[in-house]
Structure formats: structure tokens, C-alpha cells
Amino acid sequence: MIERFTVATWNINSIRLRMNLVCQFLSLYQPDVLCLQETKSPTELVDMTPLIAMGYPHFLMRGQKSYNGVVIISRLPLTEVAQRNFINKDEARHIAGRLPNGITIENCYVPAGGDIPDREINTKFGDKLDFIAGMTDWSSRSLPQKTILLGDFNIAPLEDDVWSHKQLLKVVSHTPIEVKSLNDLLKAGEWVDIVRHHQPEGKLYSWWSYRARNWATSNRGRRLDHIWISQDILGIAKKAYILRDIRDWERPSDHVPVVTEFVF
């Protein structure tokens, strides 16, 4: 019997403001698991009733007023594994859960890093680099097994992950020091960037600024949202793609979902 299993990640930019879009996405694409970032709400204020009614009764949530926030929504039972901070700040940026099939999902929201790529004058940029370093240290302690590491990493690592490599080299999210830090994390856990594994060439974006009058025409995007998997489940990861058209939904997030399909 063939068993299919689908995981999606999406920076929703306020779950309470865009719960209708979450429901629309689940209805249309029906992933088994949906991980959200930047939910921007305390846990107790998020009404999960619509999702339960749609067949998603299981969830793990770590909320925070107005900022950050991560949640894992699932058709399948979830067991909480961890809520890590990675730096010395108690922010709602990570939550991990294990599914009955033995797969662990690590949902992360990496700090954006502010506007100035210099940790000496911009503490937010320092926090970002330290957060990635903390993730790298965690990944290097033991080789991840049956694990999916995903979320909004706020870094576009490859030249084809941004609309202009040359123009963005000094812009936070694509600076050489950020790219190196993310590559160090990738190597530490021997992770596989599954989207680029399936689509190694060509421009791919998952984020477009609200500042653009017409995001699709200007197409000045960046691939900030990622799904990485451990080597031992690479063989069952059959598809990985970005749902670009969702950026055109009514009152959308500035990010779109990234999806990976597994076949056991």
C-alpha cells in the first residue's frame, strides 16, 4: 500500500488576521501537516475551531503577543518534542513535534535581522547570526534522523534565490555572512535543501515585498522559506515546490507556502 504524506510551511504574517487563508489553503491543497510562522498572537487568543472542523484536530503552538509565533497543524497526532530558543532570548521562534510515522518536524522562524548588516551597530543582525549559530550547534551534536527542518529562515542563500544577486549582496537576507552561516548549518546536519534538490536551477522565490505596486510584474522576490530534510528520508521525498500564485490571494501574506510530498 502506497502512503503519501505532505508537509507545508508558510509564514502567515498573523494567523488571526489570515485564518480564512489558512482554511482556504487547507481546503484546496490538503497537506497532512502545515507549519506556520509569524503567527503574532498569544496561544490562548487563537481560535482553532475552524481547523478542527476541517479535519485538523492536532496542533502544537507557541505564541507571543504581536510578534513571532510558530504553530504545527496536523491531521495526525503530534507529540511535542521541544521548544528551543537557540539564543538567550525567550521568543516564540521554534517548536518541534513528532508524528506517528516517526518523523520529527522542527518548525523555525529565524530573526529577520533588521536593515543594517552589521552586528556592531545593529543588535537584530547579531541576534540573527547567533540564532543560526545556535541551530548549527544543535544540528552538529548528532546527525539528524527522520527529521524535517523547515520554516522562514529569512535568508536567500543562492544567486537564483534573489531577483538580483549583485544588487542584494549588501541587503540583509542575502549578505555573504548570512549565506555562509546558513551553509554552515546545512553542512552541520548534512541537511538536504529539498526544493533545490528537485529544482536545482532557475529563479525561485517565496517572498515578495508589500512595497511593490504589482508584485508579479516587478517580481523582485527572494526565497526565504525553506524545507530541509535529513539524509535518511531523501529517498521518499518525491516532490517539492513553491505555491507562488497564493501571493495573489486577497489580503495575502508577503510569503507563500512551500510544500514537500513524501511517498513511503
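In this predicted model, helix α5 covers residues 176-188. The helix has 13 residues. From its first C-alpha to its last, α5 reaches 18 Å, close to the 18 Å expected at 1.5 Å a residue. Five names make up the buried set of α5: Glu-178, Val-179, Ser-181, Leu-182 and Leu-185. Viewed down the axis of α5, these buried residues fall within an arc of 160°, so they line one face of the helix. The face turned away from that buried side carries Pro-176, Lys-180 and Lys-187, which are exposed. The packing partners of the buried residues of α5 are α3 and β12 (225-229). Just after α5, the backbone at Glu-190 takes a positive phi of about 50°.

Helix α3, one of these partners of α5, spans residues 123-141. Asp-127 is found in α3. The relative accessibility of Asp-127 is 19%, and the cut-off for buried is under 20%. Asp-127 therefore counts as buried. Leaving aside residues up to four places away in sequence, Asp-127 touches Ile-87, Lys-89 and Pro-111.

Pockets were examined next. The largest pocket holds about 850 Å³ of space. Its lining consists of 31 residues. Nearest the centre of the largest pocket lie Asp-115, Trp-207, Ser-209, Arg-211 and Arg-222. Two secondary-structure elements, β10 (207-208) and α7 (215-218), each supply at least two residues of this lining. By class, the lining of the largest pocket divides into 12 nonpolar, 10 polar and nine charged residues.

The second largest pocket contains about 390 Å³ of space. Its lining is made of 18 residues. Tyr-67, Asn-68, Arg-93, Ala-112 and Lys-124 are the closest of these to the centre of the second largest pocket. Helix α3 provides the largest share of the lining, three residues. The lining of the second largest pocket comprises five nonpolar, six polar and seven charged residues.

Technical notes
Residues numbered from 1 in each chain as written. Predicted model: local features only at pLDDT ≥ 70, side-chain atom pairs only at ≥ 80, totals over all residues. Heavy atoms only, no water. 1 Å grid on protein atoms, 1.4 Å probe; cavity = no way out; pocket = protein on both sides within 12 Å on 5 of 7 lines; lining within 4 Å. Points joined across faces, edges and corners; volume = space filled by probe spheres on them. Helix = DSSP H or I, 4+ residues; strand = E, 2+ residues; numbered from the N terminus. Nonpolar A, V, L, I, M, F, W, Y, C, P; charged D, E, K, R; others polar. Expected span 1.5 Å × (residues − 1). Buried < 20%, exposed > 50% of the residue type's maximum accessible area, 1.4 Å probe, protein only. Arc of directions from axis to C-beta. Contact = heavy atoms within 4.5 Å.
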